[in-house]
Each structure stands twice: as structure tokens, then as C-alpha cells.
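Here is a short report for a reader meeting this structure for the first time.

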Amino acid sequence: MTVTVFRARPEPAGVARVALTAVELLEVLWGRASTAPASPSQMRVLLMLEHHDGINLRTLADSLASTPPSTSRLCDRLVAAGFVERAVSPADRREVRLHLSGRGRAFLDDLRARREQELQAVLELMPAAKRTALLEGLEAFCGTAALQIHDNAPHAGDQTA
């Protein structure tokens, strides 16, 4: 005789609460990996530039839900740290394009490696079947989130200065 166990289908609200807790725990783990010398706001800029190379300041400000003057000051600090480079647009010399510098890319690569080490330490303590289930769920989440983000993403070719 086979016994079948039925699990209730998880509702998005319940899954969202667990995911929020996971994100908060990730922030604690990642805190061990430190984002110094970049603040959380600066990290958002670096990650945006990594994915939208050549974005202009106004589009970046809109993406960050910030004002161009605040975003410009944020970028000034990243330029001073050597993480970001400004370049005049070849199409319109009044427009400034933002690019992640080699140092900025190296910083993100190093940060990701340190964060990955922190995550591996936790994942090694999980049973293999649970890691597999987590991997499958995260792959599905990443694919869906990427599609939603892509639909709302700024385009480097936007011509608003």
C-alpha cells in the first residue's frame, strides 16, 4: 500500500515572508564579507553600472528613485574612489555616460567571492536534497525576477540627459 502525502500549495505571501527572512539573513552573512569602502547606495550604483554599462546620469537617477544632483554626488564619490568612470557621449557631448572601471569590476568580483565563501559555509551544513530543492527554487525565482526586471529596466541608449 502506497501512502501519498499532500502538501498545501504555498501561497505567494507566505513564501515572500520566508524569502524576506532569507534576505535578511543573507545581509547578516554578507556583512561578514563587508562592502567597505562602498556604502549600500554606492553598491546599488556599481551593480546598476555593471548591468547597464554606459547609462546616463538621469536614467541612473530614475532607476535609483533619486534626483540627478544626489546621484551625481554619489557618482562623484565613486569616481574619486576609482570605481566609476565618466565619458562624454559620442552622440551628444552634453550627455555624460557612466561606466564601471576596472577597479570597480575587481571590487565587485572580490566582494562576490567573499560572499560566496560565507554562503558555502552555510550550504555545506544543509542536507544534499535540501540544497537541490533550494537550487531549483532559486533558479526559477531568478528567471522570473530577471524577466520582470528586464521589462522595467532602463536602456543605456536612452537619450534623456
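Two residues are in contact when heavy atoms lie within 4.5 Å. This is a predicted model, where local features need pLDDT of at least 70, side-chain atom pairs count only at pLDDT 80 or more, and totals for chains, interfaces and linings use all residues. Residues are numbered from 1 along each chain as its sequence is written, and side-chain values use heavy atoms, with hydrogens and water left out.

Helices (H or I, at least four residues) and strands (E, at least two) are DSSP runs, numbered from the N terminus. Thr 71 sits in helix H4, residues 68-80. Leu 29 belongs to helix H1, residues 12-33. Buried means under 20% relative accessible area, exposed over 50%, and partly exposed in between, with a 1.4 Å probe and protein chains only. Thr 71 counts as buried because its relative accessibility is 1%. Leu 29 is buried too, at 13%.

| Residue | Contacts |
|---|---|
| Thr 71 | Leu 57, Leu 60, Ala 61, Leu 64, Ser 66 |
| Leu 29 | Glu 118, Leu 119, Val 122 |
| Leu 46 | Ala 38, Leu 78, Phe 83, Val 84, Leu 100, Phe 107, Leu 108 |

Leu 29 and Ala 121 are 92 residues apart along the chain, yet their C-alpha atoms are separated by 10.0 Å.

**The core**

A nonpolar core is a set of buried Ala, Val, Leu, Ile, Met, Phe, Trp, Tyr and Cys residues joined through side-chain atoms within 4.5 Å. The largest one has 19 residues. Those with the most contacts inside it include Leu 46, Leu 60 and Phe 107. Helix H2 (40-51), H4, strand S3 (96-100) and helix H5 (102-123) each supply at least two of its residues. H2 gives the most, with five. In soluble globular proteins, nonpolar side chains tend to be buried together.

**The whole chain**

The chain has six helices and three strands. In sequence order they follow the pattern α-α-β-α-α-β-β-α-α. Its C-alpha atoms fill a box of roughly 75 × 30 × 20 Å along the principal axes. Buried residues make up 22% of the 161 residues. Among contacts with a separation of 6 or more, 59% join residues 24 or more positions apart.

Conventions: Lists of a residue's contacts leave out its neighbours within four places in sequence.
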